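This briefing describes selected parts of one protein model, grouped by topic. Please consult the sequence and the structure shown here alongside the text.

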Amino acid sequence: MSRFFCSGTKSGWSRFVLTAFFVSACSFAVFAQQTAAPAPVQRSAAPVPLVPAPVASPQVDADGSATFRLAMPNAMKVELHLEGVAKPYPMTKAPDGAWTVTVPKLAPEYYSYAYDVDGTSVIDPHNTTLKTSFFSTQNVFLVPGQPPMPWETADVPRGTVHHHFYHSNIVGVNSEYYVYTPPGFDAKSGKKYPVLYLLHGYSDDPSAWTWMGKANVILDNLIAQGKAKPMIVVMPLGYGTMDMITKGWAVWRDPETTARNFRDFGRVLYEEVMPRVKAQYPLSEKREEHAIAGLSMGGAQTLLVGLNDTDDFAYIGAFSAGGLGEGNFTPLFPAITPQTGAAIQAKLRLLWIACGTEDGLFPANQKLIAWLKEQGMQPTAIKTPGMHVWMVWRDNLSNFVPLIFQSKQ
């Protein structure tokens, strides 16, 4: 081509141009063929079969019965452990390898549950509502009430749950607490609110009272019904030492650690949590607008803090209190004697001690009530059916809250 280009003749130049154009056209044609959209794939007109979604688990029927189903074809034995029921329910294996059981009519409640598969605890893979603690995870479901129960979400004005974090120098961990503010709360309004310090039980964290206890829902409903005054509720992490968790359930046989836990939690409450909450929220400074309540370990902490600091709290509520022992309460409450008991009782608007009659802690609570009466005090003793379970504590809170921050009769 170079010789052809150098020929200098007119016809030679024309042939060069035509040749170049032809080569360019061929190259473009090849490029266009390579980049053209692929031919459409012929698809079958037959419909694609759809896989049905898993059946709701558990399936709760209108009569309150609940059917549980777990696909575990290689298991040899499967049982259902249901909150509030002493013995597990044996499950039956169907031909398709699924294990099932139907529990008869249940009371309107939130229930936690787990499966035991050949000795191993297993959660329900088709139920994403979970209850967690430092030691275990379980599923949760609701048997609704007609009419709805106080802990069921209703179409009423809703409060807000705030989550706060801080470093605890006393415990030596990054700690936390939750705060409930009622519907219509406005920190800039100048209004001061009564405050309830609400304590969780052993193995739980501070989310327990809102996640499983439904404290915020209970408050929303009671306030909307005019049965409770708008209040701020503070729910702190309830450990004075995390050795309570690292040592496991056996820690309750370690009196030194449990005593340190109770003592240092009081310090955490007074030195770390209370100052922060007072700086963040408009709390009433009146003792008559301060209350403290808690369940199990938190019930014991409630009594230790409340009865030893009656200058700060006018309302005390202990639900299934545990950890105080079954006798010799004098060292725990040194200010309470037969000579001072009546005067201490007079400072309180309410001393409310409740426990389920099927709870293993029921005898200890009855001994505490009897001891307080011997000192000249008049605790309001509440006996309810039930075990050491959330059904009892939700009911306790639903009945305790309407009694606090009311005008003294």
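Leu-198 is in contact (heavy atoms within 4.5 Å) with Trp-209, Ala-215, Val-233, Val-234, Met-235, Pro-236, Ala-293 and Leu-397, leaving aside neighbours within four places in sequence. The model is predicted: local features need pLDDT of at least 70 and side-chain atom pairs count only at pLDDT 80 or more, while totals for chains, interfaces and linings use all residues. Residues are numbered from 1 along each chain as its sequence is written, and side-chain values use heavy atoms, with hydrogens and water left out.

**Nonpolar cores**

- A nonpolar core is a set of buried Ala, Val, Leu, Ile, Met, Phe, Trp, Tyr and Cys residues joined through side-chain atoms within 4.5 Å; buried means under 20% relative accessible area, exposed over 50%, and partly exposed in between (1.4 Å probe, protein chains only).
- The largest nonpolar core has 56 residues, and Leu-198 is among those with the most contacts inside it, as are Phe-68, Phe-141, Leu-196, Trp-209, Phe-319 and Ile-404.
- Helix 10 (residues 390-400) supplies the largest share of this core, six residues; helices (H or I, at least four residues) and strands (E, at least two) are DSSP runs, numbered from the N terminus.
- Apart from this core lies another, of 51 residues, including Ile-232, Leu-307, Ile-316 and Leu-372.

**Helix 10**

- Nine of the 11 residues of helix 10 are buried, so that the helix is mostly covered.
- Among the buried residues are Trp-390, Trp-393, Leu-397 and Phe-400, together with the polar residues Arg-394, Asn-396 and Ser-398.

**Ser-57**

- Ser-57 lies in the loop between helix 2 (10-35) and strand 1 (59-60).
- Ser-57 counts as buried because its relative accessibility is 13%.
- The side chains of Ser-57 and Asp-124 are joined by a polar contact of 2.2 Å; such a contact is a pair of N or O atoms within 3.5 Å, where within protein one must be able to donate a hydrogen and the other to accept it, and residues adjacent in sequence count only if both atoms are side-chain atoms.
- Beyond its neighbours within four places in sequence, Ser-57 is also in contact with residues including Arg-69, Tyr-113 and His-126.

**Met-377**

- Met-377 is placed in the loop between helix 9 (362-374) and strand 18 (380-384).
- Met-377 counts as buried, at 2% relative accessibility.
- Not counting residues up to four places away in sequence, Met-377 touches residues including Leu-307, Ile-336, Leu-348 and Leu-372.
- Met-377 and Ala-343 are 34 residues apart in sequence and 8.4 Å apart in space, C-alpha to C-alpha.
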